[in-house]
Amino acid sequence: MTITTYELSHLDQLEAESVHIFREVAAEFERPCLLFSGGKDSIVMLHLAQKAFWPARLPFPLMHVDTGHNFPEVLEYRDRRIEETGARLVVASVQQAIDDGRVAEETGPRASRNRLQTTTLLDAIEEHRFDALFGGARRDEEKARAKERVYSFRDDFGQWDPKNQRPELWNLYNGRLNQGEHIRVFPISNWTELDIWQYIQRENIEIPSVYFAHQRPVFSRDNMWLSESPYVTRSDQEEVATRMVRYRTVGDMSCTGAVESEAQTIEEIIEEVSATRITERGATRADDRVSEAAMEDRKKEGYF
Amino acid sequence: MEFLRFATAGSVDDGKSTLIGRLLYDTKSIFQDQMEAIEATSKQMGNEQVNLALLTDGLRAEREQGITIDVAYRYFATPKRKFIIADTPGHTQYTRNMITGASTADLALVLIDARHGVVEQSRRHAFLASLLRIPHLVVCINKMDLVDYDEKAFETVKEEFRNFAMKLDVTDLTFIPMSALHGDNVVDRSENMPWYQGSPLLHHLEQVHISSDRNHVDARFPVQYVIRPQTNEHHDYRGYAGTVAGGVFKPGDEVVVLPSGFTSTVASIDTFNGPVDEAFGPMSVTLRLTDNIDISRGDMICRPNNQPHAGQDLQAMVCWMSDTKPLTPRMKLAIKHTTRTARVMVTDLQYQLDVNTLHRQMAPGSLGLNEIGRVTLRSTQPLFFDEYRRNRNTGSFVLIDEASNDTVAAGMIVGSGV
């Protein structure tokens, strides 16, 4: 006699929850959109979205908020995935917003386009009248994100009000909106960095090459290795040397740091992630270091 | 590896944050940069010791006031299980946030200070856990170090809690004496309490049996989304996507679709990775049927000989969560139940339940923020539901205020009829 236990592995449970959320949004919203940066989290999101609607195509477009400071490997990957999936891509360009005078470029060695993304994103939401934006934020990433709902309500200025979030019970999501408001939806809220890598391995998902260890000219700033690039101004003390590094997160080149690594396969990355004692944002994101509540403050303004 | 979702409730004084901090710290789930950040903040705030509450109290307002306002989710794993902690506030005014975290929990931790015994807050937490039918309740009798690790002190609190819990619907109740501060019976067995024969907390969390908590008897499939690719390759494909809300579905099963009452047979259970032999909760799958019948979102697929209640009148316990207006009889609201959305009218408010004493106040006239009561609702369309005690998926609903769009109530169905 066989005894069926009806147990699902943790990856299967996470996947089922995410697929449920994708379908719920597609069923209840007029104009959803999936934020896609070419980073590992948005890659997993795209994979989950494909699963949710198979054998149909995605019932919504993808949007890349492009700071103009991209890793060429990631852009190339993005375009290839768009081609393969037949999805529609909307590019919201920070450069365009600067050229149009909507935002002003920061100057100095610490200049970053991180904050400028918010305006560009909100403008694009308004232009395309998106009412739901899927984002790849995870609660394990950061303490403000640990507090966020799966359906995160945003008012007509795109603001998040952390003290007044809608209660969210069971798997019953309230997506009711008035004109001009929208929600950010986080289908992978409950995934951890390690879950993402284990899932990429299990599903055999291709990822951009910058995630694997490679030789790169880098310089040290704030205990991070920043890539030498036309987008960063170096001081005289910041010397460039070629090192074996990989990226744990992929974002704007000017504020995303690399970590020293020898990991050249997914297995080796999983081993490295399992053993690490530093969070991925702590290790690689200059933008989170501005203050204790840097993420909360940016989210209130309408950041992802 | 399996998941266990558990909720903790309490305030800083109960040692809740210390306990979570210890679980995370001892399972090596706190990262160095997080630790350095809270050490620096603790120092800045003038705390003598590292304030572990800062790990989960992530919002500016929470740090300023030193209280938990909203639920925070934390993640850790051992070689046996992965865990999601919903760390929820303990104060009455944040009950709605506590319920948010508790609604999906497999297990609840209630913390009691061994010196003070069962207080109002512990009763409220235990009651809410039983109202939400969290299947497993673990009572952590904490600060045993302050009562000299005395077995009698433990037994007294245990007895006191048991007397209260008899009035509740709790199926699995466990008591653990501990000192979160010193690590007694959190991860490792305490050498200070040789009289305690049970497991330390972490071992209990790793071992508690949860896979049979889900309903695998009553087959329920609320249709969430209809997949019609309309491509050359899949020209006639018509699949009903959704999450299994109860029971097990297999190809060849005879099924009935509500509300139409049409019967058909499961032709196949599709996923992106290919068809599967069976689907059970909480799998998200796509069902195809052998007959071409009219099915849309909000319909319920089940077995002809095991159907949910279908009707417009239902009895429920609700927790009211609006701070702007009370629940009153004759009020009209939107309801979201499984994948179905309708409107309801509150036809009767029978009683309000005092969450501290379990006393029923009959015909209260209205329910205010965080108050719990028994109501009768009438909906504009038939709903397909089970009692919440039988199925958390088909027995739960939320009510939404149509003017503000706020989620204003959590509901648990008690039965049908008026």
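**Exercise 1.** Determine why the radius of gyration of chain B in this predicted model agrees with that of a compact globule.

*Solution.* Step 1: chain B has 418 residues, and for that number a compact globule would have a radius of gyration near 22 Å. Step 2: the value for chain B is 24 Å, which agrees with the rule. Step 3: as a further description of its extent, the C-alpha atoms of chain B fill a box of roughly 70 × 50 × 40 Å along the principal axes.

**Exercise 2.** Describe the burial and the contacts of chain B.

*Solution.* Step 1: of the 418 residues, 48% are buried. Step 2: among contacts with a separation of 6 or more, 68% join residues 24 or more positions apart. Step 3: the secondary structure of chain B consists of seven helices and 22 strands.

**Exercise 3.** Identify the domains of chain B and characterise the contact of domain 1 with domain 3.

*Solution.* Step 1: the chain is divided into domain 1 (2-207), domain 2 (220-302) and domain 3 (309-416). Step 2: the C-alpha centres of domain 1 and domain 3 of chain B lie 30 Å apart. Step 3: domain 1 contributes 14 residues to their contact and domain 3 contributes 13 residues. Step 4: on the domain 1 side, α4 (95-102) and α5 (120-131) of chain B each give two or more residues; the largest share, six residues, comes from α5(B). Step 5: by class, this side has four nonpolar, four polar and six charged residues.

**Exercise 4.** Find the residues that touch the most other members of the largest nonpolar core.

*Solution.* Step 1: this core has 186 residues, and A102(B) and A108(B) touch the most other members. Step 2: the largest share of the core, eight residues, comes from helix α2 (residues 40-53) of chain A. Step 3: beyond its neighbours within four places in sequence, A108(B) is in contact with F6(B), A7(B), A102(B), A129(B), I134(B) and L137(B).

Methods: Residues numbered from 1 in each chain as written. Chains lettered and ligands numbered in written order. Predicted model: local features only at pLDDT ≥ 70, side-chain atom pairs only at ≥ 80, totals over all residues. Core = buried A, V, L, I, M, F, W, Y, C linked by C-beta atoms within 7 Å. Buried ≥ 20, exposed ≤ 12 C-beta atoms within 10 Å, placed from the backbone. Helix = DSSP H or I, 4+ residues; strand = E, 2+ residues; numbered from the N terminus. Contact = placed C-beta atoms within 7 Å. Rg over C-alpha atoms; globule rule 2.2 N^0.38 Å. Domains from an automatic or database assignment. Nonpolar A, V, L, I, M, F, W, Y, C, P; charged D, E, K, R; others polar.
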